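Please read the following briefing alongside the sequence and coordinates. The points are grouped by topic.

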Amino acid sequence: MVLGISETAIVVIVVIVVIGAKKLPELARSAGKSARILKSEVKTMKSDSAPGRSAPVPHVVRHTESGPSAAGADDASGSGTPR
């Protein structure tokens, strides 16, 4: 459904009354900033998935314990606390 000029004017007036005229510029700025961020993310995703490019291989980082609790990690219970 497409709104005409009079319906659009009524909607704009209702939005101004509900939100307030002082908040509209801030709302428009944040909406524009969000749209720019979304656009750049979509562009990045498209360039990353372009044909002929291989996906980067993820690097797995394994956690190794160190410190006082690591001394008891070798016991048979596996609880990590010394007996």
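In this predicted model, helix α1 covers residues 5-19, and its 15 residues reach 21 Å from the first C-alpha to the last, which is close to the 21 Å expected at 1.5 Å a residue. Just after α1, glycine 20 takes a positive phi of about 105°.

**Nonpolar surface patch**
- A nonpolar patch on the surface is formed by Leu3, Ile10, Val11, Val14, Val15, Val18, Ile19 and Leu27, which together have about 680 Å² of accessible area.
- Helix α1 gives the most to this nonpolar patch, contributing six residues.
- An α-helix has 3.6 residues a turn, so residues three or four places apart point the same way.
- Valine 11 is found in helix α1, and this residue counts as partly exposed because its relative accessibility is 43%, a value that lies between the 20% limit for buried and the 50% limit for exposed.

**Fold and surface of the chain**
- Of the 83 residues in the chain, 5% are buried.
- The accessible surface of the chain comes to about 7,800 Å², and 65% of that surface belongs to carbon and sulfur atoms.

**Confidence**
- The chain averages a pLDDT of 77, with 70% of the residues scoring at least 70.
- Confidence in the chain is highest in helix α2 (residues 24-48), at a mean of 91, and lowest in helix α3 (residues 68-71), at a mean of 55.
- Where pLDDT is low, the predicted coordinates should not be read in detail.

Definitions and conventions
Residues are numbered from 1 along each chain as its sequence is written. This is a predicted model: local features need pLDDT of at least 70, side-chain atom pairs count only at pLDDT 80 or more; totals for chains, interfaces and linings use all residues. Side-chain values use heavy atoms; hydrogens and water are left out. Helices (H or I, at least four residues) and strands (E, at least two) are DSSP runs, numbered from the N terminus. The expected span of a helix is 1.5 Å times one less than its number of residues. Patches are made of residues with over 30% relative accessible area and no salt bridge: like charges are joined within 9 Å, nonpolar side chains (Val, Leu, Ile, Met, Phe, Trp, Tyr) within 5 Å. Accessible areas come from the Shrake-Rupley method with a 1.4 Å probe; for residues, only the protein chains shown count as cover. A salt bridge is a side-chain nitrogen of Lys or Arg within 4 Å of a carboxyl oxygen of Asp or Glu. Buried means under 20% relative accessible area, exposed over 50%, partly exposed in between (1.4 Å probe, protein chains only). pLDDT is the predictor's confidence in each residue, from 0 to 100.
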